[in-house]
Amino acid sequence: MRLLLRGLAAGLVAMLAYLALWPVAVQPVAWDAPLDAGYVGDFAPNDRLAALDYIDLDGRTGPEDADIGPDGLIYLATHDGEILRVDEDRGVTPFVQTGGRPLGIEFADDGTLYVADAFLGLLAGDPSGAITLLADRTEDGSPILYANDVDIAADGAVYFSDASTRFGAQSNGGTLAASIQDLVEHSDNARILKFDPATGTTTVFAQGMTFANGVALNDAGEALYDSETGSYRVWRYSLDGSAGAVVMDNLPGFPDNLNAAPDGTFWLGLASPRNAIMDQLSGAPFWRRVIMRLPDAMKPAPTRYGFVVRFDAAGQVVETLQDPAGDYALTTGAVSLPDGRIVVTSLTEPRLGILP
């Protein structure tokens with residue numbers, strides 16, 4: 001019995017030492033998470049996403065972002081590297097294979113498709129589907145480790161987010177695993193980049209966020225909006241380079257993609273409700289390191305809940321589209337179609353949602 005007790009004690013000591021001391025990649029920074037009011041007021045629950053119609057992706061998953069092509073058809077990025085085109089008969093056909101992990105996509109007026117590829121950087125696809133790498137590092141040589149979302153200014157400049165300069169998507173187990181590491185660390189290392197097609201240079205437009213995610217220009221073409229996933233807020237940056245300002249704060253979920261709607265408002269996806277434990281541990285770096293030593297099944301993970309917000313240029317909520325049952329979940333955003341329907345995208349679904 002004594003030997004058994006000694007063995008149990010030694011095992012307990014070893015387990016505690018592992019949880020307290022084993023090296024982990026994240027170096028958490030203390031911060032003060034705002035109190036989560038939950039889904040109340042402007043964010044009160046509804047079931048409007050229960051009316052979604054679905055387009056099956058024929059075995060692909062993760063329709064992360066979508067856009068309307070020059071031909072009027074829907075194009076969408078998937079997690080296996082393909083960008084698909086939805087034909088008029090609702091069938092899906094491959095348009096291009098990036099060989100990486102395409103996330104945000106946006107068509108320019110000349111038909112060029114700009115792609116923020118989390119593994120490769122900023123790409124461009126021509127109308128024939130040929131892909132060109134535009135940028136995998138900035139002008140000063142800093143590598144682009146997690147290109148996330150993209151939009152195009154009236155002058156042709158391409159703005160895109162580099163969600164983490166600490167945890168590259170390709171080298172840290174994929175987009176979701178890398179994002180969790182960055183969010184747990186919360187070291188404000190993300191940035192917005194600007195690519196100039198005339199010179200081929202990529203410069204830093206804004207920096208200092210925790211997991212910069214969606215980017216969208218306003219209809220006047222003089223300001224850029226960015227969703228900061230790690231701090232539950234949306235920023236507005238004037239393109240003249242003046243300081244940014246927060247227009248939405250203390251969101252009840254993790255904000256993801258941004259897309260401009262035709263009426264000057266914006267669609268924003270909330271990929272998951274906030275994690276109460278991680279909010280409570282925002283000021284406790286030690287315990288956040290402990291969490292990263294736990295088995296993967298015990299680490300923070302998204303909750304299945306569908307949620308899309310439409311807000312105006314001042315950051316006021318216009319409407320929300322929700323699916324509390326989580327039938328179509330991990331919603332990354334939405335895109336307005338010319339006929340009034342809405343495309344709803346997702347981080348993990350094997351189908352594309354269309355709201356009549």
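**Strand pairing, burial and the main pocket**

Strand S2 and strand S3 (residues 74-77) are paired antiparallel over three bridges; two strands pair if DSSP finds at least two bridges between them. Strands (E, at least two residues) and helices (H or I, at least four) are DSSP runs, numbered from the N terminus. The model is predicted: local features need pLDDT of at least 70 and side-chain atom pairs count only at pLDDT 80 or more, while totals for chains, interfaces and linings use all residues. Residues are numbered from 1 along each chain as its sequence is written, and side-chain values use heavy atoms, with hydrogens and water left out.

**The four-stranded sheet**

- Ala66 has Leu76 of S3 as its bridge partner.
- S2 and S3 belong to an open sheet of four strands in the order S2-S3-S4-S5, with antiparallel pairing.
- Strand S2 (66-68) and strand S5 (92-97) are the edge strands, each pairing on one side only.
- From one strand to the next, the twist averages 25 degrees (axes are lines fitted to C-alpha atoms, for helices over the stretch in contact, and angles run from 0 to 180 degrees between N-to-C directions).

- Gly62 lies in the loop between strand S1 (53-56) and S2.
- Gly62 counts as buried because its relative accessibility is 0% (buried means under 20% relative accessible area, exposed over 50%, partly exposed in between, with a 1.4 Å probe and protein chains only).
- Although Gly62 and Ser346 are 284 residues apart along the chain, their C-alpha atoms are separated by 5.8 Å.
- Leaving aside neighbours within four places in sequence, the contacts of Gly62 include Ala77, His79, Ser346 and Glu349 (contact means heavy atoms within 4.5 Å).

- S10 runs antiparallel to strand S11 (residues 158-162), and four bridges join them.
- Ile152 has Val158 of S11 as its bridge partner.
- Five residues lie between the two strands of this hairpin, in which Gly156 takes a positive phi near 95 degrees.

**Helix H2**

- Helix H2 (residues 175-185) is mostly covered, with eight of its eleven residues buried.
- The buried residues of H2 pack against strand S6 (102-107), helix H3 (276-280) and helix H4 (285-292).
- His186, which follows H2, has a positive phi near 55 degrees.

**Nonpolar cores**

- The largest nonpolar core has 21 residues, of which Val234, Leu258 and Phe311 touch the most other members (a core is a set of buried Ala, Val, Leu, Ile, Met, Phe, Trp, Tyr and Cys residues joined through side-chain atoms within 4.5 Å).
- Strands S15 (223-228), S18 (253-260), S19 (266-273) and S20 (306-311) are the elements that give two or more residues to this core.
- Another core, of 17 residues, lies apart from it and has Val24, Leu103, Ala163 and Met292 among its members.

**The largest pocket**

- The largest pocket has a volume of about 830 Å³.
- On a 1 Å grid over the protein atoms alone, a pocket is an open set of points where a 1.4 Å probe fits, with protein on both sides within 12 Å along at least five of seven lines; lining residues have an atom within 4 Å of a point.
- Grid points are joined across faces, edges and corners, and a volume is the space filled by probe spheres set on the points.
- Of the 34 lining residues, Glu106, Phe107, Asp109, Asp151 and Ile152 lie nearest the centre of the pocket.
- The elements that give two or more residues to this lining are S2, S6, S10, strand S14 (212-217), S18 and strand S22 (331-336).
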